[in-house]
Amino acid sequence: MQLVRGFAPALLLGVPLLALSSCRRPPFEPAPGANVIMICLDSVRPDHLGCYGYSRDTSPRLDRIAAEGLRFEQAVTNATWTLPSILTLFTSTYPAAHGRDNYDKEYNREHPLPADAPVLPRFLAEKGWRTAGFGHGGWTSQAFGFDRWFDYWEEGPRFEIDQMVPRCLEWIDTHRDRPFFIYIHTLSPHFPYRPQGTYRAKFGIDEEKYVPPEDPERVWLPLLDQAKAGKIGERLLAQIVRQYDGGIAFTDEWIGKLADGLRERGLDRNTLLVVFADHGEQFLEHGLLFHGANAFEETARVPLIMAGPGIQPGTLWTRQFELVDFLPTLFDYLALPLPERKIQGISLLSRKSNDRSWALTGDSLSRVQALRRLPWKYVDDRMNGRVELYNLAQDPGEKKSVAAENPGRVKKLGELLERRERENAAFGAFLAQTGTGKRELPAGVFDQLKALGYVQ
Ligand SMILES: [Zn+2]
């Protein structure tokens, strides 16, 4: 089994490290009882969105939502591919603690998180929220337990965002008598990039050179080999990036329609909209395409935007923020007590959050773990036996490791990473005492994952 890797950097990530002043004022007032809609834009990197400084017009609707809400400048995923990233968000535990952090299909088949796992939708259901989820198949599917954590779950391999949003609004119309929590996981921007017709024209996609998405194995996966061999030229890369951008723009249109739908129903006043990504995407910055397999900034950084009651328009959160911290932050927003002894995350409203100057990210299958302590990023590449250190303020593209010049810092950050890893393993052992449950994977799921290029 092998990871799909990913493509090229039109832009470097331009991390605004100088803006890392600590934000002392809370970025929101609590909004008890608010509805919550979370949308995961699978594989969308922040620097391809207008509100994060992208030059192309990929996200006019999301930009407006960001302008009306709170935008996280330095949000980091704790894993650079879908399953561990989302389960970290749902459980507020690190990948090494929840343990679903590798592509081992046997393991994942036999050990999905159980139906009674302490996950975000179940926590909220216990507090009175109605819950619904809309998934695209792949890693966020019934196969991995997602259907069992919601009152209502709907999924399908071709369930694109233009179908999800109308279904979501229909569900809201019949379930709005109580607060609701909705999770939407869309693969519309994900490889194989498939912008709809109007966006193909808008993004200048040459129809003759259009890389068709219909047969990923035949067309897209060989691109990985070409990438590794250094045989993807600038023009092909530019075409691929335009297709990716077109997919983002298509998704953005439907995020806008969802926001419109909420407004038409008078629900915008008491609904928190959260838009984020589970990881970024690579465009040959480090010779690879797609995501997973490493911990570089192009996959580690994610967009995160929250808009709703209690949030002042145009709020910017400049401190580093890990996805593991989202659940307790949301609970503080909803003025709910935190689940005790079940989570590792720290709300950004917590005083402890001031001590959280580091973020963990990486990919356990390729045995790459990174500790991001700005402006430094320490990377332990265990597969290749390499330790790297980058100064992201001076080298945001992570082009040249300065580990050799900074032995003291390398030693200190290495020890900190190891300490965090030991804590995560211990927390995982604690969680395992509650049992992991077993459930067979339905037939066809791995064919889907294969079609998406995750397994071979
Ligand atoms: Zn993903």
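**Close-up views of a predicted model**

View 1. Ser353 sits in the loop that links helix H11 (326–333) to strand E12. This is a predicted model, so keep that in mind for every view here. Phe321 is 32 residues away along the chain, and its C-alpha atom is 9.4 Å from that of Ser353.

View 2. E12 pairs with E13 in the antiparallel sense over 5 bridges, with Thr361 standing opposite Ala370 in E13. The hairpin of E12 and E13 has 4 residues between the strands, and Arg367 takes a positive phi near 55° there.

View 3. Zooming out a bit, 4 strands line up in the order E12-E13-E14-E15, with antiparallel pairing. Which strands stand at the edges? They are E12 (359–363) and E15 (386–391); each has a single partner strand, so one side of each has no neighbour in the sheet. On average, neighbouring strands are turned by 15° against each other, ignoring direction. At the E15 end, strand E14 (residues 376–381) pairs with E15 in the antiparallel sense over 6 bridges, and Lys377 stands opposite Tyr390 in E15. Helix H12 (residues 407–432) lies across E12, strand E13 (368–373), E14 and E15, and runs at about 65° to E14.

**View 4. Helices H6 and H9 side by side.** Two packed helices are described by the angle between their axes and the distance between those axes. For helix H6 (residues 161–175) and helix H9 (residues 234–264), the axes come within 9 Å and cross at roughly 10°. That makes H6 roughly parallel to H9. H6 brings Ile161, Asp162, Val165, Cys168 and Leu169 to the contact, where they meet Thr251, Trp254, Lys257, Leu258 and Gly261 in H9. Sorted by type, the residues of this contact are 6 nonpolar, 2 polar and 2 charged.

**View 5. Ile184 in the largest nonpolar core.** In soluble globular proteins, nonpolar side chains tend to be buried together. The largest nonpolar core in this model has 119 residues, and Ile184, Val275 and Ile305 have the most contacts inside it. H9 gives the most to this core, with 11 residues. What does Ile184 touch, not counting residues up to four places away in sequence? Its contacts are Met38, Ile39, Cys40, Phe134, Met164 and Cys168. Cys168 is also one of the H6 residues that meet H9.

**View 6. Ala201, an exposed helix residue.** Ala201 lies in helix H7 (residues 197–202). With 12 C-beta neighbours inside 10 Å, Ala201 counts as exposed. The C-alpha atom of Gly246, 45 residues away along the chain, is 9.1 Å from that of Ala201.

Note on methods. Residues are numbered from 1 along each chain as its sequence is written. This is a predicted model: local features need pLDDT of at least 70, side-chain atom pairs count only at pLDDT 80 or more; totals for chains, interfaces and linings use all residues. Axes are lines fitted to C-alpha atoms, for helices over the stretch in contact, and angles run from 0 to 180 degrees between N-to-C directions. Helices (H or I, at least four residues) and strands (E, at least two) are DSSP runs, numbered from the N terminus. Angles under 35 degrees count as roughly parallel, over 145 as roughly antiparallel, 65 to 115 as roughly perpendicular and the rest as oblique. Two residues are in contact if their C-beta atoms, placed from the backbone, lie within 7 Å. Ala, Val, Leu, Ile, Met, Phe, Trp, Tyr, Cys and Pro count as nonpolar, Asp, Glu, Lys and Arg as charged, and the others, Gly among them, as polar. Two strands pair if DSSP finds at least two bridges between them. A nonpolar core is a set of buried Ala, Val, Leu, Ile, Met, Phe, Trp, Tyr and Cys residues joined through C-beta atoms within 7 Å. A residue is buried if 20 or more other C-beta atoms lie within 10 Å of its own, exposed if 12 or fewer, and partly exposed in between; C-beta atoms are placed from the backbone.
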